[in-house]
Amino acid sequence: MHGKTRVASNQSLTVPPALEMRGISKRFPGVVALDRVDFSVRGGEIHSLIGQNGAGKSTLMNILSGVYPPDEGQILIDGKAVTIGHPREALRRGIGTVYQELSLLPNLSVADNIFLGREAGNGFVIDERVIVDRARAVLDLLGETAIDVTARARNLPLAQQQIVEIAKVLSHEPRILILDEPTAPLAAEETRRLFAILHELKTRGLAIIFISHRFQEIVAHCDRGTILRNGRLVLTLPLAGVTEEELAERMIGQQVEGCYRTEDQTRPDSAEVLLEVNGLSVGDRVHDVSFALRRGEIIGVTGLLGAGQNELARALFGIAPKAAGTIRRRGREVRIGSPAEAIDQGICLLTEHRKQEGLFPDLSVKENMTLPSLGVFRRGGVFLDNGRERDAVRRFIDALHIVVRSAGSRVRTLSGGNQQKVILARWLMRDLEVLIFIEPTRGIDVGAKAEIYGDLVRLAGEGKGIIVVSTELPEILGLSDRILVMHGGRLARVVEREAATEEGLLATIQGGHADGV
Amino acid sequence: MRREAGDGRWRSRGGEARYVAGTLLADYGLLLMFGVLVAIFTIINPGFLTVANVQSLLEQNAALAIVAVGTTFAIISRNIDLSPGSLIALSGVALALVFTATGNIVLGLLAGLAVAILVELCNALLIVGVGIDPLIVTLAAWIWVRGLAVSLTDASSVVVRSPFIDFMNSFELLGISPPIVLIGVAYLAGWFLLNKTRLGRYTYALGGDERATRQAGVNTAFYKILMFLMFGVFVWLGTIVTVSRLGAAAPDAAYGLELDAIVAVIIGGNPFHGGEGSLRRTAVGVLFIAVLNNGLSTLGMRDASFYAFKGMAILLALLFDVLSRQLLRGATAPARGQAV
Amino acid sequence: MASDWGSRVDRGGRVAAEGATIVGDHPSGARAAGERSPLSLASALAGGLSGVVVVVALALVFGLTSPYFLTPDNAFNILRQMSVIGVVGIGATLVILIGGIDLSVGSVALLTGGFTGTLILNYGVNPWLAIVAGLAAAAFVGLVNGTLVELLQISPVIVTLGTLIVVRGIGQAILWLNNSWVYVEDPLFAYIAAERWFFLPVSAALMFILYLIVSMVMTQTSFGRAVYAIGNNQRAAVLCGLPVNRVKVLVYMLGGLFAGIGGLLVAARTGVVNPTAGLGLEFQVITAVVLGGTSLRDGIGRVEKTLVGTAILAMVLNYLTIRGVPDTWQTSVTGLMILAAVVLDRLLRRTREG
């Protein structure tokens with residue numbers, strides 16, 4: 001509403017775009033996240049930002065919403081150059097962001113959440129009636145008359161919580177609205193509802209930036225798209241008449257970085273089956289998944305965010321509740337209800353949350369590495385044999401090329417790649433046969449990534465069975481002997497390495513249909 | 001962390017029913033136990049449920065009831081304050097010393113207020129400004145404030161003789177005495193602050209998610225400090241009833257009061273992890289502790305078994321709380337993707 | 001199992017070296033023998049050393065300003081003062097390391113002293129047996145604490161506040177059997193109170209021995225490693241397959257056990273258990289732990305540091321007594337010392353982190 005009147009009153013002949021970002025660059029240690037990217041959005045359009053994980057989408061949006069400043073480049077709003085030093089400054093300049101993680105306070109009411117920090121009243125005493133009325137008005141504007149604004153946020157279904165989140169941002173009356181993967185956790189009907197709202201907002205003149213990995217939604221609902229690849233702008237194009245396949249092709253480009261595995265490393269089909277999963281279901285997130293992992297094999301598991309691949313991996317390690325199905329190790333059915341039981345069965349998991357779930361930041365490299373294997377280092381039953389422990393740690397530091405001043409350094413002081421290798425060494429030292437990784441290279445720079453890929457291939461060569469869960473297709477393609485594609489919690493397709501292409505995988509990831517198998 | 005990885009508490013299946021049951025238990029479970037307790041005491045001692053005894057029960061526990069209002073704010077905002085018991089002693093000593101020196105009760109009352117607010121300001125600045133854990137800060141205050149009260153008086157009580165004290169002790173209208181009025185004032189003011197002002201709103205918000213609250217543009221540091229200062233005012237009210245009741249400022253007054261207050265807030269059904277709660281629950285918890293204190297002592301229970309019985313009753317009440325939380329854990333909204 | 005490691009690692013080394021060509025050079029030469037492990041003996045000595053420096057500096061200042069302070073007699077006084085807080089502080093440090101807190105130690109000390117004393121006095125039980133029974137009761141309180149905290153997930157502040165009240169009540173009820181005072185006149189206790197080992201009061205010698213043992217256990221056994229791991233990142237410890245619940249309950253039991261030993265030392269020193277025994281001990285102990293520098297939040301700290309904290313606390317209080325500062329003021333000083341310690345720690349950390 002505001003956007004429209006403002007644009008209409010603009011006297012100049014060429015209306016400047018609502019937002020223009022010119023030549024934006026951003027470097028992080030070891031990576032160029034953005035390299036001179038141009039990006040512009042007009043009022044009254046839904047503009048999709050498209051790219052693989054790590055293409056630079058999040059960095060660009062974080063710069064726009066004031067999370068961090070660009071190293072180079074200029075941001076113009078309505079043709080005027082601005083600096084955005086702080087998230088609240090972004091909000092003041094009319095840029096509202098709906099982040100992936102919800103920020104609602106579960107115990108406050110919907111209305112109180114929407115106006116938290118901006119309560120109506122005289123500055124101290126709150127006028128709750130005004131808040132309720134205004135919240136009602138904002139939600140009515142979105143056509144969401146069914147939401148009770150006095151209900152506690154915790155009592156709303158997720159889709160409605162998300163709409164409240166959007167209402168909260170809209171109550172600041174932004175002219176530019178950023179939505180970061182808002183549809184990832186939503187069901188089809190909820191997604192449809194969300195787009196109805198976005199179209200309504202668009203007709204009011206808002207500039208909407210929409211980030212999603214679902215091409216179907218993008219081509220169906222967005223007006224233009226900007227494609228990023230490896231931190232660079234590929235192109236900006238109108239999306240009318242563009243097919244999902246074209247989009248996928250543009251996004252992938254010619255970048256397949258080649259295979260990390262050489263032909264002679266391919267596993268023999270006759271190798272012993274290390275792990276066999278039959279009809280596994282996990283809560284309502286994974287349904288009826290079956291596969292077998294052989295000695296020396298690397299299986300890649302991929303899918304859209306929330307397609308169930310992470311829960312599958314977690315269930316194999318005993319930290320997600322298994323609802324149905326069996327797990328066999330070397331042909332024998334086993335019960336895995338906790339990490340301890342999984343480890344006893346020779347299975348380990350390295351999760352994507354390295355800091356929260358893997359590291360002991362203030363303990364040394366040595367203590368981080370040997371914790372699950374301490375039983376081996378006991379001397380006479382009670383005390384640890386420091387010499388032997390230290391030797392083993394040194395051997396693994398050398399073998400995995402962990403760059404560290406000494407075995408006594410606190411793990412906190414290491415780089416992401418070296419931290420990941422310390423955790424890997426932890427499980428290798430325990431001599432486990434089945435290694436499961438979730439996003440093994442998230443947050444790790446390019447050089448260390450290649451090293452970790454090398455390590456994985458080598459370990460497969462030594463007879464381990466490896467499962468890599470990842471949303472990075474080049475990683476999956478480069479490492480895997482076989483690729484499992486998950487869609488909506490089900491195993492949509494199994495692809496042998498020789499038959500796998502990035503386009504084919506993307507199609508299955510997006511649509512879940514098992515074409516060409 | 002991503003949206004799919006929600007908090008375990010949000011997960012649910014058939015959650016609404018459990019949520020209702022859990023909330024009912026949290027709200028009324030203790031009330032039930034309270035009724036049982038009153039019944040037992042009345043059967044054993046028919047004089048228990050008389051107007052006179054109820055009145056004296058309230059007067060005996062007036063300081064606890066008032067301080068528990070402040071404690072409720074602290075717990076809801078996911079803070080803790082161990083200093084009020086000691087602070088009542090010190091603030092009382094300040095009141096008595098200034099009164100003795102000037103002969104002016106108003107100056108004495110103001111001195112007590114100033115000390116209560118200053119100590120809480122000191123706590124708040126260390127918590128908010130330096131970033132030290134509230135448990136440590138107020139634990140230290142628990143010690144040094146009591147120490148100061150003892151040192152300033154050479155460990156002996158300072159008598160306060162004033163018409164004001166006489167008024168507090170002897171005035172009565174329809175069975176309502178000034179300490180009971182002060183309890184009422186404290187709960188009314190607390191209710192207003194908690195439900196109708198920004199201070200209350202942000203008290204809940206701080207306990208729910210401090211980072212999200214700050215991101216919403218709330219000056220969390222300011223409101224935290226304000227909350228502790230307000231606590232100081234409640235402590236001061238507690239000082240007035242304590243000094244009046246004794247007719248003197250005792251350096252060992254209100255020993256352990258802070259613990260009773262915390263226990264009252266928790267067994268009343270306010271969760272220790274903050275983010276929610278109400279003064280009604282606190283009031284029930286306070287009544288429970290008050291009846292326990294009064295009932296056990298009218299039974300002529302000696303010190304030792306008094307503590308044992310009191311402790312047992314409190315543990316039992318805690319079980320109610322745990323039970324309601326267990327129900328609530330699997331409860332609430334049906335959506336919010338299943339967490340791992 | 002251990003024997004085939006070498007071979008696998010060697011094989012790994014070779015393959016990894018090939019892989020290294022992908023990314024170019026590895027500055028593995030940078031791995032100088034630089035930092036010490038946070039849990040190593042050397043770092044214990046270094047950490048202890050800085051604490052010892054503070055203690056020595058305090059001793060010098062106090063000695064220079066008060067001629068009596070550095071006399072052997074006074075040194076023994078300080079050591080005796082230290083022993084109770086020091087011993088109870090061992091358990092308290094462990095509990096704090098796993099992210100818990102135990103406020104019930106004072107009541108447990110009373111219970112143990114009262115129970116043991118009553119068994120000896122009223123029932124003529126063999127003193128050693130009575131001590132074992134008393135310590136078992138203490139450990140049982142710890143078990144209750146740990147179980148309630150871990151199984152029912154109640155906050156440790158609330159749980160141990162509850163046991164503080166209940167256990168004090170039970171302890172006092174036991175004392176009532178003896179008209180509220182138990183005189184512990186057993187020769188064993190008299191021996192602890194009067195004799196010296198290696199020129200040390202027995203209670204202080206016991207304290208040092210316990211510190212030595214626990215310090216070894218914490219750094220040289222898998223139990224100690226588990227405690228540090230849980231304290232530093234409990235989630236990761238679970239994912240390492242550690243029996244986290246069992247370890248935490250065991251730590252609460254140790255907290256109770258050491259509180260019980262502290263109660264026995266009090267009984268031995270004063271020869272009597274009265275209803276106020278151990279009152280407020282929990283706060284003194286937490287003061288010592290915090291003064292030592294153990295963090296209440298992230299599982300960083302060492303048991304030996306609490307010994308240093310105890311020494312500092314005892315020296316300051318002793319000095320105040322010598323200088324004629326009334327007892328009453330010493331309480332305030334204790335409280336202010338906690339604040340000084342945490343504020344200093346916070347400021348130092350801020351400057352270190354830039």
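This briefing covers the interface of chain B and chain C, a sheet in chain A, and one residue of chain B. The model is predicted. Chain B and chain C bury about 3,600 Å² between them. In chain A, six strands form an open sheet. In chain B, Leu113(B) lies in helix H5.

**Where chain B meets chain C**

- On this interface, 42 residues of chain B are in contact with 35 residues of chain C.
- The size of an interface is often given as the accessible area lost when the parts come together.
- Here that area is about 3,600 Å², and 80% of it is on carbon and sulfur atoms.
- How many salt bridges are counted between chain B and chain C? The count is zero.
- The rule does find two residue pairs in polar contact across this interface, both at pLDDT 80 or more.
- On the side of chain B that touches chain C, the elements giving two or more residues are helix H5 (105-130), helix H6 (134-153), helix H12 (257-267) and helix H14 (303-329) of chain B.
- Which of these gives the largest share? H14(B) does, with 14 residues.
- Sorted by class, this side of chain B has 31 nonpolar, six polar and five charged residues.

**The sheet in chain A**

- The six strands follow the order S6-S7-S8-S3-S9-S10 (chain A), and their pairing is mixed.
- Strand S6 (95-98) and strand S10 (232-238) of chain A are the edge strands, and each pairs on one side only.
- On average, neighbouring strands of this sheet are turned by 20° against each other, direction ignored.
- S6(A) and strand S7 (residues 176-180) of chain A run parallel, joined by four bridges.
- Thr97(A) has Ile178(A), in S7(A), as its bridge partner.

**Helices on the sheet**

- Helix H6 (residues 158-170) of chain A lies across S6 and S7 of chain A. Helix H6 of chain A runs at about 165° to S6(A).
- Helix H7 (residues 188-203) of chain A also packs on the sheet. It touches strand S3 (45-50), S7 and strand S8 (207-211) of chain A. The direction of helix H7 of chain A makes about 150° with that of S8(A).

**A closer look at Leu113(B)**

- Leu113(B) lies in helix H5 of chain B, one of the elements on the side that touches chain C.
- Leu113(B) and Gly232(B) are 119 residues apart along the chain, yet their C-alpha atoms are separated by 7.6 Å.
- Which residues does Leu113(B) touch, not counting those up to four places away in sequence? They are Val233(B) and Trp236(B).

Technical notes. Residues are numbered from 1 along each chain as its sequence is written. Chains are lettered from A and ligands numbered from 1 in the order in which they are written. This is a predicted model: local features need pLDDT of at least 70, side-chain atom pairs count only at pLDDT 80 or more; totals for chains, interfaces and linings use all residues. Side-chain values use heavy atoms; hydrogens and water are left out. Contact means heavy atoms within 4.5 Å. Buried area is the accessible area (1.4 Å probe) that two parts lose on being put together, summed over both. A salt bridge is a side-chain nitrogen of Lys or Arg within 4 Å of a carboxyl oxygen of Asp or Glu. A polar contact is a pair of N or O atoms within 3.5 Å; within protein, one must be able to donate a hydrogen and the other to accept it, and residues adjacent in sequence count only if both atoms are side-chain atoms. Ala, Val, Leu, Ile, Met, Phe, Trp, Tyr, Cys and Pro count as nonpolar, Asp, Glu, Lys and Arg as charged, and the others, Gly among them, as polar. Two strands pair if DSSP finds at least two bridges between them. Axes are lines fitted to C-alpha atoms, for helices over the stretch in contact, and angles run from 0 to 180 degrees between N-to-C directions.
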